[in-house]
Amino acid sequence: MSGAQVSDAEPAVPPSALAAALRFAGRPDHVPARCARLVALDFDGTLAPLVDDPSASTMTPAARAAVDRLASLAARPAPPDGDELRLALVSGRNLTDLAARSGAPAGTYLVGSHGAETGRVTVHGVDAVPLRLTDAQVDALERLREGLQDAVDGRRGAWVQDKPSAAVLHTRLCGADDARAAAADADAVAARLGLHAMHGKDVVEIAVVATSKGIAVERLREELEEGDDRLRALVLYAGDDTTDEAAFEVLGPDDLGVKVGPGSTLATERVADADALADLLERLADALDG
Ligand SMILES: O=P(O)(O)OC[C@H]1O[C@H](O[C@H]2O[C@H](CO)[C@@H](O)[C@H](O)[C@H]2O)[C@H](O)[C@@H](O)[C@@H]1O
């Protein structure tokens with residue numbers, strides 16, 4: 001194989017995405033105050049390619065290296081007048097599952113269950129904010145699980161994933177007709193219980209806690225800016241799924257949204273896959289490290 005062929009196989013970062021990442025690493029002229037940067041990344045489909053079995057998901061080696069590098073930059077103490085960097089993983093997975101599957105380095109902020117669970121990885125494990133459900137939410141969760149179980153009965157390949165504040169219908173392994181019918185039944189269960197159904201890639205997720213990745217990203221931004229009126233937090237968010245659109249929606253002109261893979265999006269930039277995103281994150285890390 002020739003050198004040219006090897007280089008053709010390397011993931012390409014589109015020039016506009018690279019320019020946007022370098023802009024994000026620099027301080028905008030109209031921000032005279034201190035800047036902080038939050039790099040918030042979705043997990044499945046963004047850092048870890050989609051697979052049939054969610055318990056087998058793993059980041060690509062390039063994504064793993066980029067996350068570890070950003071985490072080590074974030075761990076460095078910011079100089080008194082320098083810019084802080086924070087790394088977060090923002091996922092639909094529940095927090096424990098996200099921590100285990102991602103193996104996120106110490107210091108990483110974790111958002112699980114689309115925002116219903118939060119925590120931070122420490123050297124001793126995950127320091128999590130306890131999730132507390134009301135009696136009504138516990139009751140709704142029970143009825144939700146029963147309803148989704150009925151929706152998968154007799155539908156080959158369909159299954160239900162339980163989470164602390166939600167239940168998820170998975171249809172990746174179903175035929176098209178069964179997938180459509182099970183998703184319609186899941187929507188009906190949500191409507192009956194007065195809950196919101198989120199449609200992702202071969203999943204319908206129904207939560208008893210009202211939340212979204214947009215709310216989660218805004219919360220992370222506020223926490224970063226908290227207690228310092230002169231500090232502006234800029235956000236880079238990358239995601240692949242329809243549920244990531246809620247996060248892209250809360251981004252402003254100085255932030256950066258990166259859609260991973262195909263599909264319509266509010267993000268201003270796009271890369272092809274997890275390895276192309278990793279490439280972009282490495283270039284961002286180079287600029288922040290410079
Ligand atoms: O927000 P994310 O980190 O993207 O998590 C969203 C959902 O991810 C998982 O499902 C997706 O990935 C699975 C493994 O690749 C795949 O089998 C499934 O079809 C995808 O939708 C996870 O199982 C869900 O609970 C998350 O909500």
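Into which domains is the protein chain divided? The answer is domain 1 (32-131 + 211-289) and domain 2 (135-207), with bounds from an automatic or database domain assignment. This is a predicted model, where local features need pLDDT of at least 70, side-chain atom pairs count only at pLDDT 80 or more, and totals for chains, interfaces and linings use all residues. Residues are numbered from 1 along each chain as its sequence is written, and side-chain values use heavy atoms, leaving out hydrogens and water.

**The two domains**
- The centres of domain 1 and domain 2, taken over C-alpha atoms, are 27 Å apart.
- Contact here means heavy atoms within 4.5 Å, and 17 residues of domain 1 touch 13 residues of domain 2 that way.

**Around the ligand**
- There are 20 residues around the ligand, each with a heavy atom within 4 Å of it.
- Val51, Ser91, Gln161, Lys201 and Lys213 come nearest.
- By type, the shell has five nonpolar, six polar and nine charged residues (Ala, Val, Leu, Ile, Met, Phe, Trp, Tyr, Cys and Pro count as nonpolar, Asp, Glu, Lys and Arg as charged, and the others, Gly among them, as polar).

**Oxygen atoms of the ligand**
- A polar backbone atom of Lys201 is 2.6 Å from an oxygen atom of the ligand.
- For Asp42, an N or O atom in the side chain lies 2.8 Å from a ligand oxygen.
- Asp44 has a backbone N or O atom 3.0 Å from an oxygen atom of the ligand.
- Taken alone, the ligand exposes 570 Å², and the protein buries 98% of that (Shrake-Rupley method, 1.4 Å probe).

Definitions and conventions
A polar contact is a pair of N or O atoms within 3.5 Å; within protein, one must be able to donate a hydrogen and the other to accept it, and residues adjacent in sequence count only if both atoms are side-chain atoms.
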